[in-house]
Each structure stands twice: as structure tokens, then as C-alpha cells.
Amino acid sequence: MRRPCQDITVQRRNYLVRKISFAILTLILVIIFNFFLFRILPGDPVKLIVHSPRMTAEAQERIRTTFGLDKPVWFNLEGLQERGILGAFDTQFTAYLFNLLHGDLGVSFATRQNVRDLLQERVWRTVVLVAIGEILAIVIGIMLGMIAAWRRGTNLDTGILLFGLFTWAMPTFFFGIILLMLCGGRLPIGGMVTPGLKPEDGLAYWKDVGRHLILPTLTLTILYLSEYMLIMRSSVVEVLSEDFILTAKAKGMNAFQIFRDHAMKNAMLPMITIIALTLGYTVGGAIQVETVFSWPGIGRLMYDAVQKRDYPVLQGTFLLFAVSVIAANLIADLLYAVLDPRVKPD
Amino acid sequence: MDQQKRIWSTLRRKPMALVGMGMLAVVIIMALFAPWLAPYDPNKRVQVTPEDILAPPDAQHWLGRDDAGKDVLSLLIYGARVSLIVGFVSSFFSMFIGTIVGLTAGYYGGRVSNTLMRITDFLMVIPDLPLMLVIISVWGRGLWKIILVISLLYWTYTARLVRSQVISIRERQFVLRARALGASDFRIIMRHTLPQVMPLIITMAVLDISSSIIAESTLSFLGLGDPTLISWGMMLNFAFERAVSRMAWWFLLPPGFAIVWVSLSIILIGNALEEIVNPRLKTHHLFNPRNMISLATGKPRLVETELQPEAEA
Amino acid sequence: MTTLDVRDLSVQYISEAGAALQAVEGLSFTLEQGHSLGLVGESGCGKTTVMLSLLRLLPEAGRIVGGQVLFDGRDLLQISEREMQSVRWKKVAMVFQGAMNALNPVRTVESQIVEALQLHNVVNSSKDARNRAGELLELVGITAKRGKQYPHQFSGGMRQRAVIAMALACNPPILIADEPTTALDVMIQAQIIELLEELQRELNLCLVLVTHDLGVVAEMCDDVLVMYGGTAAEYASSDTIFNDPLHPYTQRLLKAFPDIAEPGSDLASIPGNPPRLDDLPPGCRFEPRCHASNGEPLCVKQLPALVEIAPGHQAACHLVKGA
């Protein structure tokens, strides 16, 4: 008979290895995809960079060299012949990878700024927005879900269910617009801070930022909490119908004790999976909310890049979003393995 | 077939489904009979004076006029077409791809399943909206491009669900029997497995429709919709750019509410379907214990066991 | 010395349509320390319902509509929920049907036993609790160290034993075992039965064994209560039941069980089906399938009461003459 302890450890280790290698593989594929997507553009990339039709052939050539557009895309036949195997790799793709490893994400077509700098400058703004929104959504969602499960079948439960259905039908950006129109008078509706205030102004500045943060965060929170609420509700109902709950009751525990010691942990486990699953949506929501409320984060940056066809920025923001979601998913998977002793490779 | 008839008759009796179907019918009528229902033809050029721009509602224009002086109500009615087309067609494609992938992965298992599931997982991990934005930006705008991009991302959920269903069906008696009788794989899949999974697929496809509609409107709102067509998302795009400062609610709100209306209608139907196809009737153990004892013997009761009079003999 | 006295217990279930289905009617029996009772009957005859009612653990649709459960000088059906919580496990513990799933999968086995100990203040410190948990596991034949593992790491038989250990945590005078051997293979079944026998002897338990397996009952139980359609059919000592069954149902039941002394004889099944709760006969529940009644009007119209036919032998049948 196998010794169960050892077997589980091995299984869990396999699980971790699989998840990590999958994350890395996905990352690599995203990087490759990111590169090739922008290289299949119809037309001459130079024309995209420069809008003036009166550019001389020389100037065009210089731009080509600067951006490395004179090299072949991914395989250099000439290089192979001239310089051997290393020459074969003298391509745009290699240059891209090389730059990536050094953290160079290119230069914005529109503003000539370093994409990396742009991202760095704005990333924390999105993080703050998303983090606060998500945390509130999770906390409130879990609470409402538990209440709905507890009061299953009552009007409260029905109300909560209807609320869930309604928010599912509501596009994020439109909800933002509604809130904007409703609260426009009393809360700031655009930007991050009222013009004139600077970080040096200390508390006044941060309070102002906070006020600007209210509506976009509220939009995200209200819409996302319904998903968590519905999942928590069904998770709790499911757990509460399990046999071990009856055992707990037979032991003489009261409802609160049963909930705290047996139901909660079991019901929370699916939540982690759901949070990971919805992280992709959260990113989408951030883009929409930042657009509607002109919150100067990465989402807004991506929107602006779409409007202006600023491909390096588009590439950079996509990469950032994808990497964040992949990483977050991985963390969620690892967390789940820690919390659920039964986890085996699927 | 019998099963589907049963599902349909149960569905018809659920109030949620009826409300949803009613709501959807309104939109479908709007889309089909747009040329007759719309008071003006939104494709016709209009001569506008500055007062006509973002004019508030009045007797001739029930929902006022947009930033180009066109009648908002007419635009709204015509907008139904794009939403419905994108919703139904994308969902159909997703259902098709998802079902094939799910059936294959579930039935054959092993390396085939692993590979397919890796691809599925890959697509699921990448965030939806950024990917769609990036692809459309590069590829170009257009109705079919939007439909394809949305289908590309949304088949994964169906695939996963179908696969897990197929796995559980695979080992059931009637499948094993069919295999023992020498039925080909294809036959087993089509005649024995698929009908079992169909209700679930249909439910997912229905819910997919609403997701697709919302996805299209989001893409259009962000400026990537088909410029040659009227869609609610595009209306919101223009409205947001130009009508917010003027608080022109007649232009800003109706298209959004229309989107919510049609999504909600489909979600109600889908939700009702889900209740039928996937019932979770378990009641839990932590209900109020007061109801448990209904003694009618007239003995004194303590406070915590509130006794009810006997309900029936 | 009587421990628990059930009098005239009646339980209903409220169906989804709102109708009240009579699951148990007028059931009476007595549990005594040191004695074991076997509760026998077909699936669906109400055995589990009766046991759940004793502890007031019926599902949401269940209603106790009549009777008394006298224990320690009070009626358990009358006391408050909070008082009931202190009776549960400490005085009456239960090992459920399908005990496989009775343990919480994300907590260690030990922690769940400890929980029972601490809940009823059986021990003074958590260290004592863990030690005691280990002792209990050893008592049922599981190495104490394995308490630190999770339920899914135990085999089915081990989980069953762990659940029994947990049930004994507070030294209850009464232990109810509901189908403790179903879903286990025969070898493990024998082990569990042996274990229960041993425990009952050593701890002087009052053991209630709910089962449809007459063989087990014959081996282990002092008294037997035969149930049918929610009512008591016959109630007597084990010897009496097996040697002198009076109720027609009991007689048929015994005949239906293979006798090792007569390997060649046919198995006799009882024709017909158990009564549906929504379609109970107005009189004797067994009458439609009874070989002895022949449509006797009294049997058809009136539910027979459980009467003492001979000292220590009760039966509910119109056709059986009293002493």
C-alpha cells in the first residue's frame, strides 16, 4: 500500500510545476504573438510613423534604420550567408526580444516618449484604482453572498439575485456614464486631480485625488461585486448541504459555529478560482472606467493609443496587461494549492 | 427531441423566461421592421442648422437629435440590427467551435485533450478586452472582423463545459454498450453523446449572445466599431465625445439602456434555461430549526421552540 | 435503568407541493444502557427519520408532529435548541449513513475530533484534547499519528472508524449507528461490526444499530424493532424475533434472508413494493402485501397498535392474539 503522505507531496509538487511551466509558456507565446501581430500590418510601417508625405527617401531610410525596420522580420537569409548562423538571427524579432530583455519597449509614435517610462509613470494609478475596486467588490460580494445563502428563498435573496442579473447585463462603460451623469454635480468626473494642485500640496492633493477616485472605483466595485456575490451564494448553499455540516450540527454546534468552523473555508475556496478567472474582466473594466472618467492610468493610455494608432504603446500596454493577468492567475493557482489539501493535478 | 420538447414546455412556464422572451421580441421587431418603425431614415443626409445639433426631445423627434442633427430614435431602432446580428452570429460560431473542441477533447482524452485544453487555457488567461482591442486596431474595423474576434475568444467556456460533460457521459452504460456493439467513434459522439450535452450547449450559447452583444458595444464605444453601420456602442461613442458636457441625456442614455435591455432579456432566458438544465435543488442543513417541531399536544412551550399549529392533518 | 424512552413519535415531511407526508407514525421504544437495539426495515421505512428526530436533525422539510422523547427527566422535543445542543453528541451521538462524507475534507481528522472534545468541555487544554483524540483513534484501530492527515488520505473503512472514534469523544451513553456497513466491502464490514461489538461491551454503551441487514442484527443486538411503512411492526428481544416472529412482515423478512443451514432453499421475496408516502394505506401499512390478511376489513381500515402479545414481545397486527 502506498504511503499516502508521500504520494500527496509528490502530486502537489507536480501540480505546482505544471502551473508554473504553463504560465511561462503562456508568457512566451504572448510575447511572440505581441511581436508578430504588429508586423502583419498592411502597408509600410514608416508611413505610420511619419505622417508627412513630403518625407524624402533619405529621411525615410534613416527612420527605417533607427527603428530597425530595414532588417528582415524574423529570419535573415543574407545574414546567414554573410556571417553564418549568428547572422541569421539579425532580425527584427531578435532585436525585439533583445530590447525586451533590457526593458526597452520602444518609443511612442505619437509622443516620442519611451514606452517604458509612460507605463511606469501611470501603472500605479491603475493599480490603485483596480486594487481598491476589487477589494471592496470581494469583501462586499462575499458578505452579501453569505447573507443571500442564509436567507435563501426570501425576498432579500430574490432581490440580490435580480441585482446580480442586472449588473451582468450592464456594460461597464455605460454604468460609468450613468454614475457620471448622476453624480456629476457633486463629485469630480474627470482626471485624477483638479488642475492646480500638486503633490507638494500634501494632504489637500491626496484628498483631491481621493475624491476623483470615488466614481471610477464605485463603478468597478458595484459591477464586480455581483459576480462574487452570486458565486459565494451558490458556494455557501452547496457547502451547507454537505454531509459534514449535518455532522457538525449533530455534534451540538450552533449555526454560527458551524458557519465559522466548517462552512466558511470550504465556501471560500471556489472564490479564489473565480477571482482569478475574472481578473481578465477586471482589466477590461479598468480600461473602460479610465476612459469614461479620464483617469490617467494604463487603461486610458491603451485607449488613447487605439485612437491614435500608436502601436508601440499598444504593444507595451497589451504586454503589461497580459503579464499581470498571467501572474495573478498563477498566484491564485498556488494559493489554492496551499489552501486546499486535496489538490491534485487535473 | 422529446427532451427538448420537455425543456421548452418547462421554460414556457417560468416567468423569468417569459419576461425575457417578451423583452427580446421587442428588440427583434425593432430590428426586423426598422425601416417601417423608424420615423426618419438615418442614412439620409439632412440639412441641419446649428440649433439642430444635440437638440432636446420634442414632438418631431421623441428622443431629440444627435451631434450630427439626426433623429436619435431612428438611430436607436436601426442600432438593434447590429447588436442582434453580432450577438447571434458570434454566439453561433463560438458554440460551433466550442462544441467541436469540447467533444473531441472529452471523448478522446489523452494527448489530444491535453493539447486542446492548453490552447483553451491559453486563450482564457489572456485578458479579453486588451486582446480584442489590439487585434481590431491592427486588422481594421468591420462587422465581420468584430464577429470573428469575439467568437475567437468566447468559444473557450463552451469547450470546457462540454468536455467535462462528455467525460462524465463517456463512462456511462449506454456509451459502453454502443462501443461494445462496435459503433464507430463518430457515431457514438453524434448519436449518444451530443444529444446529452445539447441542452447545456444551448444554454451556454444563449448566455454567450448577451456577452457578445456587450463585447461589441464595448468595442464600438472605444472607437473600434464598424464605421459604416449604426450600432448602439457607436452612438455612445459619439455621445460620450460630444454630448457629455452638454448633458444631452437623450443621446447618452437610450442606446445604453437599449444594450442593457437586450442583454437582460437574453440573460433572463439563459438563466431560466440554466435552472432547468442544471438544477441545484439541495436545501442546506442550517435552516431555522423552529419549524421542526409542530406538536399539537398543548404542552407549555419554551421561548426558543416557537411551535406552529399543525398545518395539515 | 431506562435511558431514553420514545413514546408515540410521529414525523411528517412537507412535500414540494405543500402536502404533509406521514413518514413515521406512533412509534414507541425504549433504549437502555448496556443494551443494544437493532432497528430493522426496508429502505424508506422511516428508520433514519426516527433517529434524526431523536436529535432533532431533520431536514428542512421534516416536522415532528407528535410524541415524546423522554431522557434524563425531560422531553427532548420540548427543550430549547440551545439545551438540545448540549444533549447532542454528549448524551446521544450518531454515526451517519455514508459516514465517508461526514468529515470535513479541508480539516485534519484530529482537529475534528478535538472540536467535539472542546465543544462539550470534555478536556481542559488543547494539548489534552489532541492526546485524547489520539487515544480515541487508537481505540478504533487507527494509529494516533494519522490523525494529522486529511480525510481523503484515509481509506473508506478507516474513515468509518474515525467517525466512530469521533462519535465516542464525549463518552455518550447512547450511540446510534445508521447503516454503518453499507458501501463497505464485506471484509471491512466484518471489522466494523466487530469493533462496534467490542466498544459496546467495553464502554457499556447503549448501541442503536439501524440496518436492513438481519445477519448483523442477529449477531449484535439484544432487542429488535422491526419497522414497516413508518410504523412499528414488531418489537421484541432478538431471540424472540428470530425464533418466534409474530408479525407477517417479520416472518416474510426472515424467510427472505438466506439461511446458511439450508443452502439449497429458494429465496423468498416479498411481492409488491413498500408503500409510497403520498399513498399510504388507511389501515395497516403492510396489508396490501400481507399473506395472512386476505383482505380482512379490520386490517384494511384500522392501523393496528403496538400491543404486548407476550411479556417482552410486542407486535402491531390485528391477526395476532394477545396474551
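Colleague: Where is R309(A) found?
Modeller: This is a predicted model, in which local features need pLDDT of at least 70, side-chain atom pairs count only at pLDDT 80 or more, and totals for chains, interfaces and linings use all residues. Residues are numbered from 1 along each chain as its sequence is written, while chains are lettered from A and ligands numbered from 1 in the order in which they are written. Helices (H or I, at least four residues) and strands (E, at least two) are DSSP runs, numbered from the N terminus. On that numbering, R309(A) is found in the loop between α13 (298-308) and α14 (311-339) of chain A.

Colleague: Is R309(A) buried, exposed or partly exposed, and why?
Modeller: A residue is buried if 20 or more other C-beta atoms lie within 10 Å of its own, exposed if 12 or fewer, and partly exposed in between, with C-beta atoms placed from the backbone. R309(A) has 14 C-beta neighbours inside 10 Å, so it counts as partly exposed.

Colleague: And N171(C): buried or exposed?
Modeller: Happy to look! N171(C) sits in the loop between α5 (156-167) and β7 (174-178) of chain C, and its phi is positive, near 50 degrees, though the residue is not glycine. Because 12 other C-beta atoms lie within 10 Å, N171(C) is exposed.

Colleague: Where in α9(B) does the kink lie?
Modeller: The bend at a residue is the angle between axes fitted to the seven residues ending there and the seven starting there. In α9(B) the kink is about 55 degrees, shortly before the proline P195(B), and it lies at L194(B).
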